Amino acid sequence: MAAIAIVQSAPVRAEDAPDAQTIVVTAPRVTRATPTDSVAPRDAEPVAAPDAAAFIARLPGAALVGNGALSGQVQLRGLFGERVLLTINGQHFGSGGPNAMDPAMHYAPMVLVDRVELARGISPVRDGPGLGGAVNVVLKAPRFGSGPGLSPQVDVTTQYRSADDSVALGGLVALANDKLRAGLVASWEQGDDLRIPGGRIGGSSHRRAVFGAQAGLRLGGGELGLEYRRQQTGRSGNPPFAMDIVYFHTDFLQARFEGDLAGNVRLEAQASFTAVDHRMNNFSLRPAPAMAAVRQSDTSADTLGSGLSLRLGSAERHLRLGADFEHVDKAFRLYNPLQPAFSIMAMDRGRTSRYGAYAELRGALGAVQGEAGLRVDRHSAAVDAPHLGSGVPAGPANLARLFGLSDRDWQGTTVDGALRLWAPQGDFTPRLTLAHKTRVPSLVERFGWLPTEASGGLADGNIYLGGGGALKPERAWLAEAGVDWASGSAYARPALFWRRIHDFIQGVPFDATPGTIDSPAEMVAAASGDATPLRFANVEAELWGADIAFGARLAGPLRIDGVASLVRGRRVDIADNLYRIAPASVRLALGWEEARWGLSLEGEAVDAQERVAASNSEARTAGRVTAALHGHWLVRDGLRIDAGVENLFNRKYVEHLAGYNRNAASDVALGARLPGTGRSAYVRLRVALGGS
């Protein structure tokens with residue numbers, strides 16, 4: 001994989017990010033030696049981790065929730081999980097597990113990534129409901145050629161990383177002309193346990209393979225695109241979770257059409273399907289417990305989605321009308337493979353549906369340009385009564401009976417609105433965003449009747465229960481102000497933001513007497529090792545902060561670039577901080593850029609996190625400073641080598657958002673926060689031939 005460039009311009013279609021609030025991150029072209037554009041930030045060397053999540057965490061406002069080599073989540077301005085709109089090739093889908101072992105970036109191997117589109121503040125209403133920002137990862141795909149003859153395209157990357165002795169190989173081979181493009185994508189990766197200063201993180205190895213096909217056809221003024229992708233994740237460790245990945249078998253299918261129906265009428269249509277089958281257990285990659293405590297889970301998630309929109313007018317002045325639909329079916333079975341009578345269908349035919357409609361208007365009033373959007377969504381969620389094996393103890397069986405008698409069907413309506421304004425003034429563009437955004441509770445948050453650690457990826461060792469039918473959708477009011485500035489030798493993109501969230505969903509003590517076991521749910525939780533379970537409930541929250549990307553050419557090929565992020569979160573209903581908020585951080589890189597090679601020395605400082613959630617027993621973390629060295633060499637047109645060393649001085653540290661170790665066969669103590677990677681060298685080679 002080549003280095004990554006953070007491009008300050010808008011995405012491929014200007015209307016997708018009219019106020020330049022979307023950062024487009026692309027692999028730099030290796031077909032020719034191109035000097036760094038002085039207007040956009042320089043090429044920013046990515047970390048060598050397997051998923052795109054670790055790289056996105058280097059961007060302004062972002063942080064990494066490290067839950068395993070292939071299970072990292074992206075936090076944007078204090079929000080993560082389903083609060084952030086995450087898509088792969090524009091396709092949204094449900095996670096295959098109740099603990100989000102396969103968050104969206106699980107399906108974005110870095111050797112296949114072409115570019116990342118990041119909206120720090122909000123996503124436009126046409127993209128669907130979403131409380132926070134948005135990330136879309138675009139994988140490598142064949143491009144149309146410039147003439148009638150079919151021409152080959154090759155884009156292949158291979159990488160080695162010493163931290164886990166991991167090897168990755170992946171890319172694209174294709175044929176294309178000006179009317180047709182068709183190609184195959186594939187990747188293969190494997191890595192051993194992750195090295196840390198003084199030892200290893202036991203059970204942190206990973207295995208993953210991807211293969212698929214893509215095609216596109218130009219029809220008059222339109223384009224039809226088809227893609228299929230299969231991902232097979234093998235045994236991969238998740239030390240912060242009670243179980244590890246045995247497999248994920250996931251299929252992606254998507255069809256898109258975009259074209260002009262008339263002079264100022266443009267149609268966009270999309271349909272997609274995703275099927276996830278998942279198995280996890282607590283004995284394949286960690287010491288097996290006593291026979292009665294052996295656990296394995298089989299889960300699945302099928303997502304069907306579609307959307308249709310009409311754009312009336314030009315790209316700069318238009319009215320867009322659209323509608324979309326998404327339906328997700330989920331199942332979750334927990335059992336003991338050594339004792340077949342112990343079987344619990346913790347979620348049977350869990351299903352959610354959403355029907356949405358929206359309108360967006362883009363135009364200008366004098367020097368001020370703007371985009372206003374409004375969408376309405378109708379939601380439903382339901383789950384069948386659980387069924388159990390004959391060997392399930394009386395405690396869980398009683399909870400299952402009570403849940404079966406409860407109301408297991410919810411319906412509701414949400415309304416999202418957004419107003420984005422910007423005023424280009426040469427090198428200087430001020431921006432203002434005002435929005436109301438929503439998120440409905442997940443199936444786990446609403447219908448989690450069995451006391452387990454299923455929490456949507458928190459990986460904190462706590463046992464959680466759902467909030468039931470009374471759980472309300474989250475509603476956020478957002479204000480953001482920022483500036484885009486670029487001169488011939490420097491740039492800066494600072495932003496200030498504030499977000500007030502009504503009915504924010506967070507784990508709270510199960511009842512008014514935490515620690516006193518006086519309910520059936522607490523009895524079952526205590527038998528599972530946690531006498532103080534949490535339940536998902538609505539609270540009041542507030543988030544605010546600032547982030548910036550900046551840089552300048554100092555002299556000749558010498559330049560400096562940086563990213564800084566600050567976010568604060570607090571409960572408004574009680575005197576406490578919000579749970580799991582990334583500490584303030586700043587990253588600076590001093591680079592020397594020649595036409596065909598470059599070197600950069602990078603330093604990152606992360607503040608201590610003292611503002612923790614007392615009501616969630618959150619532990620504080622110390623600050624740290626680490627360094628890295630990166631370099632690249634464009635050997636010839638189409639051939640590029642990157643190499644570097646991360647954590648140059650082998651500093652031992654922990655990430656505040658990392659989970660807590662649950663694997664006894666490790667050099668990390670049980671219950672301790674997982675440390676960051678030790679000193680690690682990497683080398684990467686990319687060959688890219690053909691294509692535009």
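Okay, let's start at one residue: R317 sits in the loop that links strand 18 (296–313) to strand 19 (318–335). Keep in mind that this is a predicted model.

So, is R317 buried, exposed or partly exposed? Its relative accessible area comes out at 41%, so R317 counts as partly exposed. If you skip residues up to four places away in sequence, R317 touches L312, R362, G363, A364 and Q369.

Let's zoom out to the whole thing. The protein has 4 helices and 34 strands. Along the principal axes, the C-alpha trace spans about 70 × 55 × 50 Å.

What about contacts along the chain? Take those between residues at least 6 apart in sequence: 69% of them join residues at least 24 apart.

Now the inside. Buried residues account for 58% of the 692. In soluble globular proteins, nonpolar side chains tend to be buried together. Here, the largest nonpolar core has 86 residues, and the ones touching the most other members are A52, I56, M105, V113, V135, V137 and I501. Which strand gives the most to this core? That's strand 27 (residues 534–555), with 6 residues. There's another core lying apart from it, of 7 residues, including A163, I196, I201 and A658.

Leaving out neighbours within four places in sequence, V137 is in contact with A52, I56, T87, I88, N89, M105, A108, V113, R115 and V116.

The protein exposes about 25800 Å², and 61% of that is supplied by carbon and sulfur atoms. As for charge, we've got 72 positive and 71 negative side chains, with the centres of the two sets 1 Å apart.

One last stop: A182, which you'll find in strand 11 (residues 180–191). Its relative accessibility is 32%, so A182 counts as partly exposed. Not counting residues up to four places away in sequence, A182 touches P142, A174, L175, Q214 and A215. And if you want another pair to click on, A182 and G591 are 409 residues apart in sequence and 38 Å apart in space, again C-alpha to C-alpha.

Definitions and conventions: Residues are numbered from 1 along each chain as its sequence is written. This is a predicted model: local features need pLDDT of at least 70, side-chain atom pairs count only at pLDDT 80 or more; totals for chains, interfaces and linings use all residues. Side-chain values use heavy atoms; hydrogens and water are left out. Helices (H or I, at least four residues) and strands (E, at least two) are DSSP runs, numbered from the N terminus. Buried means under 20% relative accessible area, exposed over 50%, partly exposed in between (1.4 Å probe, protein chains only). Contact means heavy atoms within 4.5 Å. A nonpolar core is a set of buried Ala, Val, Leu, Ile, Met, Phe, Trp, Tyr and Cys residues joined through side-chain atoms within 4.5 Å. Accessible areas come from the Shrake-Rupley method with a 1.4 Å probe; for residues, only the protein chains shown count as cover. Lys and Arg count as positive and Asp and Glu as negative; His and the chain ends are not counted. The place of a charge is taken as NZ of Lys, CZ of Arg, CG of Asp or CD of Glu.
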